[in-house]
Amino acid sequence: MPLPTHDTLMKTHPLQGQYPDKNGHFGFYGGRFVGETLMSSLMDLETAWNEAKADPAFMGEFRSMLANYAGRPTPLDFAERLSNHIGGARIYLKREDCAHTGAHKINNVVGQGLLARRMGKKSVIAETGAGQHGVATATIAARFGMSCKVFMGAEDVRRQAPNVLRMRLLGAEVVPVTSGTSTLKDAMNEALRYWVSEVENTFYIIGTVSGPHPYPVMVRDLQRVIGDEARRQMLEQVGRLPDLLVACVGGGSNAMGLFYPFLDDPCAMLGAEAAGEGLDTPHHAASISGGSPGALHGAMTYLLQNDEGQIQEAWSISAGLDYPGVGPEHALLHDLGRVRYEGVTDREAVEAFKLLCKFEGIIPALESSHALAAALKEAAKRPRDQAILVCISGRGDKDLDHITAYMKANNL
Amino acid sequence: MNRIDQTFQTLAAANRKALVAYLTAGDPDFDTSLQILRTACDSGVDVIELGVPFSDPTCDGPVIQVASDRALKAGMSLSKSIRLAAELRKTVSTPIVLFSYYNPLFKYGLERVAKEVQEAGVDGLLVVDLPPEEAGPLTAALAGKEIHLIRLAAPTTKPDRIRMLADGAGGFLYLITRLGVTGTGGLDYADVAKHAAAVKAVCPHPVCLGFGISTGADARALAPVADGLVVGSALVRVIAQAPAGSDIPALVAVKIRELREGLDAR
């Protein structure tokens, strides 16, 4: 599918502020597909969030913590040597890897942590895949003196050992989840089960633009700082908006955060999904490119599932993208043709990872390497006077053992 | 008249309470599951709640999670669950409620689900992760059919919402007794009784209690405060723990008789 032109975009404008509706629907997607026990808490959370968002003192504290604790704004960085190597469009990097805890996840967690405190909750829980969201949640729990439990698939505990250590150092309890496929989806199942038993005292900090309403819109609102900053930085440093934005999409929070402030601008957008060993194999995690609509973890969205609605195992080298669903707003943006979603294989991601290390001295996360790979392909096709903005959503230190093993096994 | 309504009317006239038995469809396999269901209907169960196995049962505790896995591994699916209901309907008149998560129904096609469950002789659908706000499409698909959409209420549900849920309920209102997922234990009888009384006061339909009810003593304690009790994990556990080669339907029947006696004690 070609990238949408400016004219076709204008038919759906303005997109900002149009979604979701009052029940959390992004067109056909989103909503609240949960057991009745959680409904009251989700409604209370929605009310609390709407009040907090409208409270200048709350938002002032959020901005102040992002600046002084999380280290924002993160840089916008021209990748000159990498751009020269590719020989096409100029590539700019939004450096979320420079944020405290090493990924964009901290933005959302600072906001939800402040909201939990405002609501008087003393304990927080989270699910995590790569461990970045778990580390961010453990970090904010330490900062606010809250108790913290992080649910993590047993397989991911193994793949992401450094982050498990970090969470424990920060005082969080890491709960290995062995049900189902022992990955992110099962961690989220278990977090939901725990939450329903402790719903009155516990704040569930969901790490992506997924889950039941109001999480997708709340997390988007907290992550849009990525795009707001990048838009301002592009205008200040480059004097123009980018022609193309690229971000990786697992649940899709860094992508939603980057894309949202640009939705009504004449900028094309590309979401890089994890194609694992290829979209023509069963081993991928590309819910939009290789899935179909359905309801999971509280939202209607695109899912990897069989003909009878059983959820299928996602597969990716990157634990953070290894999820069989995607945020509902991405599902809508796909259907509207506003964002193109494309698969990037494990191998392509690792090759892009190596290039960024070699040409820019930046070690990106495996998740972000998917975005970079998609951006490099586009850059090669475009002239020098075009600008591509890529979100480097996190740093890759956590992935080093895993990547080294992969390179060895695949002669890379 | 819908078999669920008929059953509750008959029970009320006799001043008796309903025993609603949840069993996972196809656990441990299709044929054994059918035998267990038939035996259950002969052993004092008033309503069968037939659970469609799902890969991600977020509302269920470990016992039903594992049962779901067992059934899926034995090749179970929504279409086969409907076929199991149809087989059961050939020999029993007990009302059957098909219990499911929304995704298998949605993916199968709601119109197709409505048509096939009606043909199978199913009397109600209970979709555990489908609050009324999201139930429009399924309600539309069920229009004109003799199938109730069973609603749930929870300990966290506020009074206004209880009234909304009760008003639109079909068949009976499933009142969740405590926080958490399905599974045994954790009940505070006095708390449950208080909550049940408040809900019954505003609900024009029978109210059945579920979650955590697992013994004859539980049944005896809670029977007076509701119109029926739902037992799931306690029955499913009997299947899970049955020694190899044992007569599983007979073991399940023993547990059902224990619950029945508790329920009928005065």
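The following dialogue shows how to read several features of a predicted model.

Visitor: What share of the residues in chain A is buried?

Guide: Of the 412 residues in chain A, 65% are buried.

Visitor: How is the size of an interface expressed?

Guide: The size is often given as the accessible area that is lost when the parts come together. In this model, chain A and chain B bury about 3000 Å² between them, with 51% of that area on carbon and sulfur atoms. Glu36(A), Arg193(A) and Glu308(A) supply 24% of the area that chain A buries against chain B, more than any other three residues. The contact draws on 39 residues from chain A and 38 residues from chain B.

Visitor: How many residue pairs are in polar contact between the two chains, and which elements of chain A take part in the interface?

Guide: There are 22 residue pairs in polar contact between chain A and chain B, counting pairs with both residues at pLDDT 80 or more. On the side of chain A that touches chain B, the elements giving two or more residues are strand 2, helix 2, helix 9, strand 11 and strand 12. Helix 9 of chain A gives the most, with seven residues. By class, this side of chain A has 14 nonpolar, 16 polar and nine charged residues.

Visitor: Which residues does Thr37(A) touch?

Guide: Thr37(A) is placed in helix 2 of chain A. Leaving aside residues up to four places away in sequence, Thr37(A) touches Val196(A), Ala154(B), Thr156(B), Ile176(B) and Leu179(B). Thr37(A) has a relative accessible area of 3%, so it counts as buried, since the cut-off is under 20%.

Visitor: Is Gly186(B) buried or exposed?

Guide: Gly186(B) is exposed, with a relative accessible area of 68%. It is found in the loop between strand 6 and helix 9 of chain B.

Visitor: Which parts of chain A does the salt bridge of Glu46(A) and Arg32(A) tie together?

Guide: The closest N and O atoms of Glu46(A) and Arg32(A) are 3.3 Å apart. Glu46(A) lies in helix 2 and Arg32(A) in strand 2 of chain A, so the pair ties together parts that are 14 residues apart in sequence. Glu46(A) is buried at 17% relative accessible area, and Arg32(A) is buried at 5%.

Visitor: How is a salt bridge in chain B to be read, taking Arg3(B) and Asp123(B)?

Guide: The side chains of Arg3(B) and Asp123(B) meet at 2.5 Å, N to O. Arg3(B) lies in helix 1 and Asp123(B) in the loop between helix 6 and strand 4 of chain B, so the pair ties together parts that are 120 residues apart in sequence. Arg3(B) is partly exposed at 28%, whereas Asp123(B) is buried at 3%.

Methods
Residues numbered from 1 in each chain as written. Chains lettered and ligands numbered in written order. Predicted model: local features only at pLDDT ≥ 70, side-chain atom pairs only at ≥ 80, totals over all residues. Heavy atoms only, no water. Contact = heavy atoms within 4.5 Å. Buried area = accessible area lost by both parts, 1.4 Å probe. Polar contact = N/O pair within 3.5 Å; in protein donor to acceptor, adjacent residues only side chain to side chain. Helix = DSSP H or I, 4+ residues; strand = E, 2+ residues; numbered from the N terminus. Nonpolar A, V, L, I, M, F, W, Y, C, P; charged D, E, K, R; others polar. Buried < 20%, exposed > 50% of the residue type's maximum accessible area, 1.4 Å probe, protein only. Salt bridge = Lys/Arg side-chain N within 4 Å of Asp/Glu carboxyl O.
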